[in-house]
Amino acid sequence: MQQLIDILTDEMGKAFAAAGYDASMGKVTVSQRPDLCEFQCNGAMAGAKQYHKAPFMIADDVAAALADSAVFSSVSVVKPGFINLDVNDSFLAGYLEAMRTEDKFGMETSAPRCVILDYGGPNVAKPLHVGHLRSAVIGEAIKRIVRYHGDKAIGDIHLGDWGLQMGLVITELQERQPDLPYFDDAYTGEYPAEPPFTVADLEEIYPFASARSKEDKEYYARALENTHLLQEGKRGLRALWQHIINVSVSDMKRNYQNLAVEFDLWNGESTVNDVIPGMVEKMKEDGFAYLSDGALVVDVAEETDTKELPPCMILKSDGAALYTTTDLATLDEREKLYHPDEIIYITDKRQELHFKQVFRAARKCGLVAENVKLRHIGFGTVNGADGKPFKTRDGGVMRLETLISDINSAMAEKIRSNPDIPEEEAVKTASQVALAAIKYGDLSNQASKDYIFDIEKFTSFEGNTGPYILYTIVRIKSILSRYEKEGGKAADTLMVGAPSGESEKALMLSLSAFGGMMQNAYEECAPHRICAYIYEVANNFNSFYHANRILTEEDPARREKWIALLALTKRILETCIDVLGFEAPDRM
RNA sequence: GCGCUCGUAGUCUAAUGGAUAGAACGAAGGCCUCCGACGCCUUUAAUGCAGGUUCGAUUCCUGUCGGGCGCACCA
């Protein structure tokens, strides 16, 4: 169904036309000054030049044409030429009633597209830390936004499972357990089914090996060699590598599950290893790739560039693949398997140049169809309360698991202060509230900005926070269940009515903006729009709640339309937080 | 050096080129015999600086100062 703002714009457009002006000047927007009006149209000012007429005169003509509008209850012309608008109460009620009964609250959906989302991007053998949180949380939200819009969304975790880090881990394992059959070239039997290490071992090995490689040249060379041997398919190393993947991935799955983050594909850089030779060969044949200082590169500079863009490196001079290579091969593979309309990468914004090069190289070499949209959503660094990159007290990297369990236990303490809630429920509720706090805290900021991860702020949860949103939903749930328990009709069957007060109308107006807001969040890949929206709805609801006694209202018709409004508010809020990737308990 | 990016109340953060820049935290005050006070209602305080485009600029352009980041054999 048509969005309210578009209906209003059409109505204004007709009025402009009726008054003899261009209908395209009738664009209506939500008022910047809610104290003056609900909606506004600034078209008269844009038209002043074109018609050589004072803006307010144009506005007056248009207002006159709207004198008997069924859509607007008030049209007034102000100062230079603003047209201030209020929407008709019963028209608004009719609109919300239509929203209430339509699928997805009447949001318009276009022809479904296929969108691949590349997010998460953890490295195997390295513990997840706060940096991984952003990619997971933002990526999951964007995936759900895309899916809600009606598109097919495929989330791919894109594991870092193929680079030098694998060579480093293998080299260190060899150092510690040289007698393992994986390192014995003469060994031809079956390799053990059990891995010779635990997750904890891996997590300790990687940083150790990484540090050592920076000081020990010979060690570094062996790591490079092992990386190369692995990529070439050396049997023992592959078997050992598979153990590393298995151990690491099962640990990751548990972590991501705790965050309500789900991937459709658990592919990684290694997935496209066999695709690389063919792709590279074709790039050479087509004349795009050439040797430069021993390395194979593709030029990606364009004439319109304001700076020199370095060429995109495909193979190192030792013939090994790079990050760029696997990304290009992954694009090649995705194009062939899924024919996506769009691929969205959600990574740290520092990788912007990398993706710029990859996208250009992919287009230049024809790896993706021309109409495929490639988009990189770069997010900012996670900083601590001091504004510097987030660290533990002793300066180490904070593990994601530790972080979450800390916040969970802080939340559990709060929930336990409600004596009605049994211990078991308190633990579950605490994790729901904690997740809302973490996700909302992240998503409510623009992704591209650095963001401050302030544990104090998250555990206090007052004001513009996830728990505030949950609290509002819980409050509505509580009223509705009491209403039904006391013999009221099923809340979802009641009809929305015209507002009888200011705060009620404000709530209704904010609900009416749902479809447009969701569309906007989709186009801009901007979860923070949804956060801003639900915060506004929650605020408007709470003001309405404090202004009216709902359950004890004497007039049954009024009581029922209020219950209907509450039910709609609840459904919209729940839909929004589901898209953001968290949920509300029944009580907290 | 080249390039990208961000500068908004004490802190944190929002604003398809529109009116008196919107919130949150903090600070000051008020509201529970009444549907959940993790709430509601007041008050306080901000666009780094200088130009330009425009009827109108936080937004677009130029310069400048300040922060963050990136610049081919890591990922």
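A: Helix H18 and helix H19 are roughly antiparallel to each other (an angle over 145 degrees; under 35 is roughly parallel, 65 to 115 roughly perpendicular, the rest oblique), because they pack at an angle of about 155 degrees. This is a predicted model, in which local features need pLDDT of at least 70 and side-chain atom pairs pLDDT 80 or more, whereas totals for chains, interfaces and linings use all residues. Residues are numbered from 1 along each chain as written, and chains are lettered from A and ligands numbered from 1 in the order written.

H18 covers residues 514-524 and H19 residues 527-547, with axes 7 Å apart; helices are DSSP runs (H or I) of at least four residues and strands (E) of at least two, numbered from the N terminus. The axes are lines fitted to C-alpha atoms over the stretch in contact, and angles run from 0 to 180 degrees between N-to-C directions.

On the H18 side, Met517, Asn520, Ala521 and Glu524 meet Pro527, Arg529, Ile530 and Tyr533 of H19, contact being C-beta atoms, placed from the backbone, within 7 Å. By class, this contact has five nonpolar, one polar and two charged residues (Ala, Val, Leu, Ile, Met, Phe, Trp, Tyr, Cys and Pro are nonpolar; Asp, Glu, Lys and Arg charged; the others, Gly among them, polar).

H19 also supplies at least two residues of the surface near RNA strand B, as do helices H2, H12, H13 and H16, among other elements. H16 gives the largest share, eight residues.

Key:
Contact = placed C-beta atoms within 7 Å.
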